[in-house]
Amino acid sequence: MTTYSKENISELTKKIIGSRDENAFPFNYWNKKKLDLQVHTQGKMYEKTLTVFKNEEPSASHFVMETYEPITKSSIWKGIDNISRIFKNTGFDITTDAKTSRFIAQSGIKEKIIDNFVNGSMSSDPNIFAVPYMGDPGDWEIRFIESHLITSIDKESISFIDETHSTFEIELAYYPFLRKNHQNTYKADCLLSSYPKKIFSQNQIRYIYISREQYIIIDYKGKGFTATFHTLAKGTYPYIATGVNKEFGFVSESPVSPFIPFGNISLLQHRAARSVENIFGYPRMSEMELPCDHCHQGKEKCEITEEYPLGERECTKCHGTGSLSLQSIFKIYKRKLSEDPALNADIDPVKFHTPDVGILEYISKSWKDTLRLGEDAIYVQQIVETGNVQSAKSREKQLEQMYSWLDRLSNFFYNSASRIINNVCLLNGYGNVSIEKPISFAIMNELESFEYLNMIVNSNSPIFIKTVHIENFLKKYISSSNPIIRVVELLKKVDLFCFYSMDDLQKMSNSGVIDDKQWKIHAYAFPLLNQMYALNPELFLQDDDEIIKELELRLGTVIISSNAVLP
């Protein structure tokens, strides 16, 4: 790894300035991944809606372009919002010393990581990199750099343009696949067909180069430049990828990339549907054209003049067509009279034609079905229509698949989060941090969790199966930070029948298997624990024995009184 100084700084400037080739790897891949994603998350124009229908009638193409709408945007954002909610509620399980923990909380780095994951790597640019960034001398933070700002990258270093200390103008650039005749169809500021491009001024621009050992700032002002050299703490990562499914070393994908193929096909199907609807979706009228009674084959007699030397001109009544239309306010199909009068006897002078409803129903349904497959690919829960009931087994299978998907995503997310947080702590002189990947995710909200748990408890399965089922459910689908996890752990030690349904308990009571004391423990243990937590949340940080001792005191007070009510 080359170490740069004032003596060889020119080698570095050649490497990082003007060396980016948009057609070379990895920049070409970054651009493609970014546009593929933004077609759906930001509603950019999808290239194939204009390029694959080459033999289409021009009026139909024009209609499609004029009425293009990003129909996949709401679907992909359902998935993004869902993942955002799950990871925000799941949070971070960080192990470190108290001083470092306070620094992490004050820095807001956890919130920045989540914000970039949702609004950056997942929805805007999958190849955003987290890099060390020096604000004031000695004051280090983490910046998330979009791929279009990166000028060079290799396994040991990265260089990029620092927007904060550079001047630039915004220009609207059209996507390469748009031909000039297509561009003229849109307004100059149309976001569907263009993107804002930052043009940096070489008179005031800052480049930053980061390796494992060096942090170099290169400022261009006018014709010359100045370079400032800094040393990084040993063990610092020069950059950290924030996307998922890394390939070729430098290229990542968005967590919602499984949606993209289905979204693309849905856009093409919807585009075809709009074209078919425009041409065939509305009733058409045909009419019989009558011979013009004012001319012969579109020509009428007139005086011989210099303009009309043959004494003939275009008929002023039929305008040279030789036939007359009965009506002309609709787009109509023209039919001429046959020279054989017998063939004209059974022909309606005017006739309306209705398109095949089956074709229209198919094309209007196909893109919706494909879009639904895209939502399924990122585990957007479909609304169950009235009259249809999702079976417990179907819901459980869906949850298992979603858990596996989230578990894979979390490998990338928590690995990069650990490196980012350790970077900022190391640079600012704080201790190492250990971040454990969670084994549970806050997949369900409180209402869904309650309904699902209630369904398990009230099932007819044997109690040992219900117990295993509930514990697996809590382990996978409820955030480990949720107090309900702690409550259930305590209840299992106090209430022998905590997973039994009320029907089960009633049957055992009628048979004399349980007595009133056990009934009351079952009835009051959970409400009392809830009350204890509400009054003192830090109570749950104590050992189980201390909490159970306090709970048993309260239960004893309740059980002594035959008319007990909750305190």
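This is a predicted model: local features need pLDDT of at least 70, side-chain atom pairs count only at pLDDT 80 or more; totals for chains, interfaces and linings use all residues.
**View 1. The largest cavity and the residues around it.** Let us start on the inside. A search of the whole structure finds three cavities of 30 Å³ or more, and the largest cavity holds about 60 Å³ of space. Which residues line the largest cavity? They are Val-64, Thr-67, Tyr-68, Glu-69, Leu-267, His-270, Arg-271 and Arg-274. Helix H9, residues 259–280, supplies the largest share of this lining, with four residues. Sorted by class, the lining of the largest cavity has three nonpolar, two polar and three charged residues.

**View 2. Arg-313 and Glu-300 joined by a salt bridge.** The count of salt bridges in this model comes to 24, and here is one of them to look at. The side chains of Arg-313 and Glu-300 meet with 2.9 Å from N to O. Glu-300, at 6%, counts as buried.

**View 3. Glu-312 and Lys-301, another salt bridge.** Stay with strands E15 and E16 for this view. The closest N and O atoms of Glu-312 and Lys-301 are 3.8 Å apart. Glu-312 sits in strand E16 and Lys-301 in strand E15, 11 residues apart, and the pair links distant parts of the chain. Glu-312 counts as partly exposed, with a relative accessibility of 36%. For Lys-301 the value is 68%, and Lys-301 counts as exposed.

View 4. How far apart are the end C-alpha atoms of H14? They lie 17 Å apart, which agrees with the 16 Å that its 12 residues should span at 1.5 Å a residue. Glu-489, at 37% relative accessibility, counts as partly exposed. Other buried residues to look for in H14 include Ile-485, Val-487, Val-488, Leu-490, Leu-491 and Val-494.

**View 5. An open sheet of three strands.** To finish, follow the strands in the order E3-E2-E11, with antiparallel pairing. Which strands stand at the edges? They are strand E3 (140–145) and strand E11 (240–241), and each has a single partner strand, so one side of each is left without a neighbour in the sheet. Strands of a sheet pair through backbone hydrogen bonds, either parallel or antiparallel. Strand E2 (residues 129–134) pairs with E3 in the antiparallel sense, over six bridges. To find your place along this pair, look for Ala-130, whose bridge partner in E3 is Phe-144.

Note on methods:
Residues are numbered from 1 along each chain as its sequence is written. Side-chain values use heavy atoms; hydrogens and water are left out. On a 1 Å grid over the protein atoms alone, a cavity is a set of points where a 1.4 Å probe fits but cannot get out, and a pocket is an open set with protein on both sides within 12 Å along at least five of seven lines; lining residues have an atom within 4 Å of a point. Grid points are joined across faces, edges and corners, and a volume is the space filled by probe spheres set on the points. Helices (H or I, at least four residues) and strands (E, at least two) are DSSP runs, numbered from the N terminus. Ala, Val, Leu, Ile, Met, Phe, Trp, Tyr, Cys and Pro count as nonpolar, Asp, Glu, Lys and Arg as charged, and the others, Gly among them, as polar. A salt bridge is a side-chain nitrogen of Lys or Arg within 4 Å of a carboxyl oxygen of Asp or Glu. Buried means under 20% relative accessible area, exposed over 50%, partly exposed in between (1.4 Å probe, protein chains only). Two strands pair if DSSP finds at least two bridges between them. The expected span of a helix is 1.5 Å times one less than its number of residues.
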